[in-house]
Structure formats: structure tokens, C-alpha cells
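Here is a note for a colleague who is opening this structure for the first time. Please read it with the model on screen.

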Amino acid sequence: MITKVIKINPSEITKKDIEILEEVGKSIREGEVVAFPTETVYGLGANACDDKAVRKIFELKGRPSDNPLIVHLSSKSDIEKFAIVSNDIEKLIISNLMPGPITIILKKKPIISNITTANLDTVGIRIPYNPIAQKLIELAKVPVCAPSANISGKPSATDPTTVIEEFSGKIPFIIDGGRTHIGIESTVVMVKEYPSKFSILILRPGFITKEDIEDLLSSTKIQKEVEVIYAEEYSTITPLSPGQKYKHYSPKSHVVIVKNLKNIEKADIVRTFINDKIGILGRPNFIKEVKNILNYIGAKYTVELEWCNYDLIECARNLFFAYRMFDKENVGIILVENLEETGIGYAIMNRVKKSSTYTI
Ligand code: TXA
Ligand code: MG
């Protein structure tokens with residue numbers, strides 16, 4: 001298959017772009033899979049009501065069939081065509097945080113394919129704010145299920161080159177909207193209602209933080225108590241978000257989280273790769289200190305990527321992009337700074353931990 005790569009500037013969508021997006025939307029409606037940018041990561045989208053089209057996504061990614069896909073809509077007014085909003089907390093989240101980098105798990109309506117939702121009775125709904133994604137979904141005139149546009153297990157694609165490398169020749173269209181702004185996937189939330197309280201479970205942390213949700217609640221009058229908790233702190237027998245049980249986001253090399261710089265010198269994993277290229281991902285001070293230690297113990301080659309200049313939002317944006325760059329450099333290990341797990345730092349470290357093989 002020949003893949004058309006279409007470049008569109010998200011901050012200036014022209015008439016010509018709309019014509020092209022109409023064509024891409026039509027191909028989604030007719031059962032094809034296409035790649036497009038969202039504000040979080042690139043998505044691999046298909047008609048969420050079409051079993052055959054959805055199966056193609058699972059095949060292209062090599063994704064386990066028990067891991068459900070998120071359904072993307074262009075407008076809030078479409079939500080109740082595909083899902084059931086059951087309580088005031090769900091309403092509150094939808095009206096205040098969407099469109100945006102958040103996915104809400106709702107009761108599913110039968111029109112959404114069971115392949116999309118991996119036979120669950122719920123569906124993840126997201127309304128991206130990226131103008132290309134919005135327009136494409138609107139023009140497709142169908143709900144668009146879309147996982148991140150990467151082979152299963154690898155770091156999510158946040159730039160067009162990665163999508164082209166992994167899916168060129170396999171799908172008819174890739175829309176190149178440049179690097180994505182947020183760089184990590186949406187926050188996934190699920191609301192549970194009990195007689196005396198609501199629990200908002202964060203199934204996957206993301207750009208919209210626990211603190212953001214708590215702030216929203218504190219400025220709203222609600223009849224019952226509401227708690228916001230991370231799903232890993234909430235005990236159930238089956239995982240609430242099937243995706244969380246799989247190894248994720250992994251570059252080719254070992255990711256080593258550095259909690260204590262003093263451990264670098266004696267760590268076996270560092271010794272093993274001492275004659276290979278060693279990647280360093282961190283803020284400027286971390287890079288400086290690790291380089292000194294590596295020089296001292298005789299490492300010959302290092303590849304340093306400045307994660308950000310202290311701004312955690314930039315760290316989120318650069319994480320997967322940096323992993324992909326380290327892959328290109330063929331490093332043996334990547335020494336990653338251990339960021340503080342507050343605000344978006346929690347979401348970033350969630351990805352780093354899932355991708356890591358060692359913590360020192
Ligand atoms: O930012 C994002 O969310 C990106 C862009 C493309 O929108 N999409 C994305 O999709 O990250 P994916 O498939 O890589 O991750 C979806 C996550 C998985 O962890 C999956 O298990 C969970 O959402 N999920 C989807 N539907 C669910 C459901 N009904 N119940 C519980 N978890 C669900
Ligand atoms: Mg993914």
C-alpha cells in the first residue's frame with residue numbers, strides 16, 4: 001500500500017487542508033486506518049463501530065485483543081450517542097475538562113463495536129483539542145477509536161517521523177502535524193458512585209493531574225463526599241484498566257532510574273555497559289553530575305539529552321521523543337533522573353517506571 005503523508009499546520013488549517021481531511025475522514029468512514037496527531041500523542045484511528053476496521057488496528061500494532069481502545073469524538077454533544085452519562089461527577093468532568101487531554105470511562109452503548117472495548121461494558125471517551133484531530137473526527141462523521149500510533153510496547157509516537165517509520169506502507173494516510181504539545185497520553189478516569197460518596201479513580205495519570213481534579217471539585221458544590229485516588233491504590237481483583245498490566249513505552253535499551261547518584265559507580269548494570277554508549281536523560285545538573293561519575297569510572301561514550309530546563313511540562317513533552325532518539329543512537333542503557341512525583345511529575349514517572357528494567 002502507498003501511504004500519503006500529508007503535512008498540516010495545526011494552528012493554520014487552510015481550505016485546501018479541509019478538502020484533504022474530508023478525503024481522510026471518508027477513508028475512516030469506509031473502514032481504513034489512518035494516523036493523525038492529537039495534543040497528547042499520535043493516534044492510529046478507525047471507525048469505532050466497524051469490527052473489521054477496528055481489528056486492523058489491533059493487527060497493525062500487535063496489540064493484545066483484551067486491551068480496549070479509546071473512542072474519540074469531536075463534540076460533547078455526541079457523547080450520549082455512544083455512551084451513558086450516569087451522574088453529576090461525570091457531567092462535571094465532561095463540562096470542565098473536555099475537550100482536552102483526558103479520557104472518561106462511561107457505560108457503553110451497543111453501537112460501539114465490542115472489539116473496540118475488548119468486550120467490556122464501558123467505553124473510554126475522549127475529545128481532543130488539537131484542531132487537526134477535531135476537524136478529522138468531525139469530517140469522518142463516525143466515532144474514531146484510536147490507540148497511540150506505535151507498535152505495542154514501544155514508546156508512544158509524539159512526532160511524525162516515528163509514525164512514518166512504523167506504519168508507512170501499511171495505512172493509506174499519515175497526517176503530519178509536527179511534534180505533539182503534551183507528549184504523554186491522556187489522563188484516564190472512571191467515576192464510581194457509592195451510597196455515601198463518589199470515587200474518581202485515575203486509571204492512568206496524565207497531563208490533567210489529581211490536583212487539577214481536586215481543584216475543580218473544591219470550587220463546586222456537590223451533595224456527597226468525593227475522593228480522587230490513583231487506581232493502583234484502589235484494590236480490586238481484576239485491573240480496572242487492562243492496558244496498565246502490560247509492559248509499556250520501552251525503548252530498545254535498558255532504562256535505569258537513578259534514585260541515588262552514589263549507586264552509579266558500583267551498579268552491575270552500569271559496569272556491564274561501561275564500554276558501550278551510555279545515554280543520560282535528565283535536567284542540566286543531573287547530566288553534569290552523571291557525566292563526571294561516568295568519566296571517573298572509565299565510560300568512553302555518553303549521549304546526553306537535556307530532558308528540560310527544570311520545567312516538568314517540557315519533560316513530559318520530551319520523554320518519548322528522547323527515548324526514540326536514544327534508540328537511533330543505539331545506546332546500551334539510559335540513565336534517567338528520578339523526578340519528583342507531584343503534579344505532572346507523577347504521570348511522567350509512571351511512564352518511566354513502566355519502561356524501566358532497573359532502579360539504582
Ligand atoms: O492520549 C491518548 O489517550 C492517546 C491519543 C491517541 O488519544 N491514546 C492512547 O490510547 O493513549 P492507548 O490505546 O494507547 O491507551 C488507552 C488506555 C489503555 O490503558 C486502556 O486499557 C485504557 O485506556 N482503556 C480504554 N478503554 C477502557 C475501558 N473501557 N476501561 C478501562 N480502561 C480503558
Ligand atoms: Mg498506547
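Buried means under 20% relative accessible area, exposed over 50%, and partly exposed in between, using a 1.4 Å probe and protein chains only. This is a predicted model: local features need pLDDT of at least 70, side-chain atom pairs count only at pLDDT 80 or more, and totals for chains, interfaces and linings use all residues. Residues are numbered from 1 along each chain as its sequence is written, chains are lettered from A and ligands numbered from 1 in the order in which they are written, and side-chain values use heavy atoms, with hydrogens and water left out.

1. Asn119 counts as exposed, at 64% relative accessibility. Asn119 sits in the loop between β6 and β7 (122–126). Helices (H or I, at least four residues) and strands (E, at least two) are DSSP runs, numbered from the N terminus. The phi of Asn119 is near 65 degrees, a positive value in a residue other than glycine. Lys141 also has a positive phi, near 60 degrees. Lys141 lies in the loop between α5 and β8 and counts as exposed at 64% relative accessibility.

2. The buried face of α5. Helix α5 covers residues 131–140, and Ile132, Ala133, Leu136, Ile137, Leu139 and Ala140 are buried there. Seen down the axis of α5, these buried residues fall within an arc of 165 degrees, so they line one face of the helix. The arc is that of the directions from the helix axis to the C-beta atoms. An α-helix has 3.6 residues a turn, so residues three or four places apart point the same way.

3. α1 against α5. These helices pack at an angle of about 55 degrees, with their axes 8 Å apart. Axes are lines fitted to C-alpha atoms, for helices over the stretch in contact, and angles run from 0 to 180 degrees between N-to-C directions. α1 and α5 are therefore oblique to each other. Angles under 35 degrees count as roughly parallel, over 145 as roughly antiparallel, 65 to 115 as roughly perpendicular and the rest as oblique. Residues of α1 that meet α5 include Ile18, Leu21 and Val24. Contact means heavy atoms within 4.5 Å.

4. α10 against α11. Helix α10 (residues 312–329) and helix α11 (residues 344–355) pack at about 20 degrees, with axes 9 Å apart. That makes α10 roughly parallel to α11. Among the residues making the contact are Leu319 and Phe320 of α10 and Ile348 and Val352 of α11.

5. Lys4, in strand β1. Strand β1 spans residues 4–7 and holds Lys4. Lys4 counts as partly exposed at 44% relative accessibility. Lys4 and Pro172 are 168 residues apart in sequence, yet 6.0 Å apart in space, C-alpha to C-alpha.

6. Asp50 is in the loop between β3 (42–47) and α2 (51–61). Asp50 is partly exposed, with a relative accessible area of 22%. Elsewhere, a cis peptide bond joins Met98 and Pro99, with omega about 0 degrees. Pro99 lies in the loop between α4 (88–97) and β6 (102–108).
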